[in-house]
Amino acid sequence: MVKDFKNFDAIIIGAGQGGTPLATTLAKAGWQVALVERNHVGGTCINYGCTPTKTMIASARIAYLIKQAENYGINLTLKSIDLSKIVQRKQEIVDSFRDGSKNQLLSTSGLSFIEGEASFIGKKEIVVSLQNQEKKYLKAEKIIINTGTSPAIPEIDGLANVKYLDSTAIMELTSIPEHLLIIGGGYVGLEFGQMFNRFGSKVTIIQRNSQLLPNEDKDISQEISSILQKEGLSIHLETEVIKVNSSEKKKISLILKEKKKEKIVEGTHLLVATGRIPNTSALDLNATGIKTAKDGSIPVNISLETIVPGIFAIGDVNGGPKFTHISYDDFRIITNNILHKKNTHTTGRLLPYVVFIDPQLGRIGLTEKKAKDLGYDYQVAKMPMSWVARAIETGETAGLMKVLVDSSSKQILGAAILGIEGGEIMAILQVAMMGKLPYTELRDAIFAHPSISEALNNLFEMLED
């Protein structure tokens with residue numbers, strides 16, 4: 001059969017937070033662009049990640065504040081939580097964001113939006129299996145892969161035989177679990193764990209590592225663990241799930257190995273939150289000569305180009321940091337390089353992120369562990385949020401501030417702000433790092449009183465000048 005190929009200047013596979021703006025930007029510059037999406041416009045962020053989770057976390061915080069109202073002299077009673085309405089609100093916001101992005105794509109001249117599954121049949125040749133079973137054949141000299149990731153499911157004896165939840169399915173529940181078991185103590189597990197605890201579930205987190213959030217410094221992890229335990233979550237560290245069973249009472253039981261001892265925990269629901277894997281299996285990359293890394297990600301150079309010239313991978317699928325803002329920065333790098341002929345790359349870019357537990361953990365730059373591994377001569381300043389006037393006034397004193405500073409240059413190396421509006425305070429430090437300001441500029445700056453940011457004066461005062 002003779003294949004009838006349609007030629008484009010660029011083909012983008014995946015309408016995520018990098019692929020969508022890239023498609024519209026190239027099309028507006030006069031390129032003929034094909035954007036292929038097998039599911040929903042917006043990628044993980046809008047559909048399964050940032051938007052829906054943070055919407056539901058907002059509802060959980062309202063429930064928490066009502067329970068705390070008496071501490072503020074307000075007499076309120078939390079009568080009930082309607083999870084179905086929370087899910088409905090979440091879905092309305094997701095649909096609004098998704099539809100807005102899709103409408104923009106459809107109205108962009110020079111952009112062909114194709115709904116279907118893309119796979120390679122040559123280095124620069126794509127076949128798209130449409131939803132009506134038809135196929136389209138596409139060609140382009142520039143191909144950008146933006147297919148994202150999906151929840152990783154570990155191989156645990158018996159797991160396949162029970163009805164477990166992943167990070168997508170749990171947001172479709174319409175009744176609150178009596179007892180939610182969570183395998184995994186990373187960002188996803190902690191956000192959902194605290195959320196459902198505040199909705200009224202008993203929550204048990206099983207973490208195989210010796211600390212929650214294993215990429216963070218131990219003191220930060222321990223403080224987070226303390227905060228969650230005070231709220232009522234049960235946390236098992238250095239614990240392996242050996243086997244999963246269904247009990248006679250329609251419950252799920254986990255056989256655990258905790259510090260060499262076996263024990264059993266039983267719950268009504270099970271969330272598997274053990275990371276994410278790149279969506280590369282359907283791409284048939286063998287046709288291009290590209291080999292994926294051990295974790296399934298697509299290796300790229302500092303300009304996000306694969307070993308095949310003209311084929312790029314952006315966002316979560318390339319094995320880099322799995323954050324929406326990194327995917328969007330990847331889009332900017334590709335745009336600068338292929339559209340404006342610049343030499344933009346990923347080297348040295350700062351990585352900010354926020355873990356949306358309550359209080360938030362805002363992180364930028366190096367952890368203390370990383371600074372030590374890299375051989376930096378550094379100073380550390382730490383201050384509990386209970387020393388911050390604004391935090392005391394608002395009754396939000398959980399957490400701490402921690403900064404690392406280069407001893408000779410006085411430059412800020414990294415920070416962890418675990419506290420009220422931790423992400424926003426972290427951003428102040430990020431801007432200072434971008435501008436290469438010595439920490440003394442923030443120590444001596446005039447911040448509005450009373451604000452959280454003015455605590456940076458006292459925090460940096462702890463360092464030796």
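Predicted model: local features only at pLDDT ≥ 70, side-chain atom pairs only at ≥ 80, totals over all residues.
**Stop 1: helices α3 and α5**

Select residues 50–68, helix α3, and residues 187–199, helix α5. Two packed helices are described by the angle between their axes and the distance between the axes. Here the angle is about 40°, and the axes lie 8 Å apart. That angle makes α3 oblique to α5. The crossing of the two is left-handed.

Now show the side chains at the contact. From α3, pick Thr 53, Lys 54, Met 56, Ile 57, Ser 59, Ala 60, Arg 61, Ala 63, Tyr 64 and Lys 67. From α5, pick Glu 191, Phe 192, Met 195, Asn 197, Arg 198 and Phe 199. Colour them by class: 8 are nonpolar, 3 polar and 5 charged.

**Stop 2: helices α3 and α4**

α3 passes α4 in a right-handed crossing, whereas its crossing with α5 is left-handed.

On the α3 side, select Thr 51, Pro 52, Thr 55, Met 56 and Ser 59. On the α4 side, select Leu 83, Ile 86, Val 87, Arg 89, Lys 90, Ile 93, Val 94 and Phe 97. This contact holds 8 nonpolar, 3 polar and 2 charged residues. Look again at Met 56 and Ser 59: they take part in the contact with α4 and also in the contact with α5.

**Stop 3: Leu 76, between α3 and α4**

Follow the chain from α3 towards α4. Select Leu 76 in the loop between them. Is Leu 76 buried or exposed? Leu 76 is exposed, with a relative accessible area of 53%.

Which residues does Leu 76 contact, beyond its neighbours within four places in sequence? The answer is Ile 66 and Ala 69. Draw a distance from Leu 76 to Ile 66, C-alpha to C-alpha. The gap is 6.4 Å, and the two residues are 10 apart along the chain.

**Stop 4: helices α1 and α7**

Next, select α1, residues 19–28, and α7, residues 324–339. Their axes are 9 Å apart, at an angle of about 25°. The two helices are therefore roughly parallel to each other. Their crossing is right-handed.

Four residues of α1 to display are Pro 21, Leu 22, Thr 25 and Leu 26. They meet Tyr 328, Phe 331, Ile 334, Thr 335, Ile 338 and Leu 339 in α7. How many charged residues does this contact have? There are no charged residues here, but 8 nonpolar and 2 polar ones.

**Stop 5: lysines in loops**

Most residues other than glycine have a negative phi, and most peptide bonds are trans. The next selections include exceptions.

Leave α7 and move along the loop that runs between α7 and β16. Select Lys 341 there. Its phi is positive, near 55°. Lys 341 is exposed, at 68% relative accessible area.

Now go to the loop between β11 and β12, and select Lys 260. Lys 260 has a positive phi too, of about 75°. Its relative accessibility is 79%, so Lys 260 counts as exposed.

One more lysine: select Lys 249, in the loop between β10 and β11. This residue is exposed, with a relative accessible area of 65%.

**Stop 6: two cis peptide bonds**

Select Asp 358 and Pro 359. A cis peptide bond joins them, with omega about 5°. Pro 359 sits in the loop between β16 and β17.

Then select His 449 and Pro 450. The peptide bond between them is cis as well, and omega is near -5°. Pro 450 is in the loop between α11 and α12.

**Stop 7: Ser 451**

Stay in that loop and select Ser 451, between α11 (439–443) and α12 (455–461). Ser 451 is buried, with a relative accessible area of 15%.

What lies around its side chain? The backbone oxygen of Ala 448 is 2.5 Å from a polar atom of the Ser 451 side chain. The backbone nitrogen of Glu 454 lies 3.3 Å from a polar atom of that side chain. The tour ends here.

Conventions: Residues numbered from 1 in each chain as written. Heavy atoms only, no water. Axes fitted to C-alpha atoms, helices over the stretch in contact; angles between N-to-C directions. Parallel < 35°, antiparallel > 145°, perpendicular 65-115°, else oblique. Left-handed = near helix turned anticlockwise from the far one by under 90°. Contact = heavy atoms within 4.5 Å. Nonpolar A, V, L, I, M, F, W, Y, C, P; charged D, E, K, R; others polar. Buried < 20%, exposed > 50% of the residue type's maximum accessible area, 1.4 Å probe, protein only. Polar contact = N/O pair within 3.5 Å; in protein donor to acceptor, adjacent residues only side chain to side chain.
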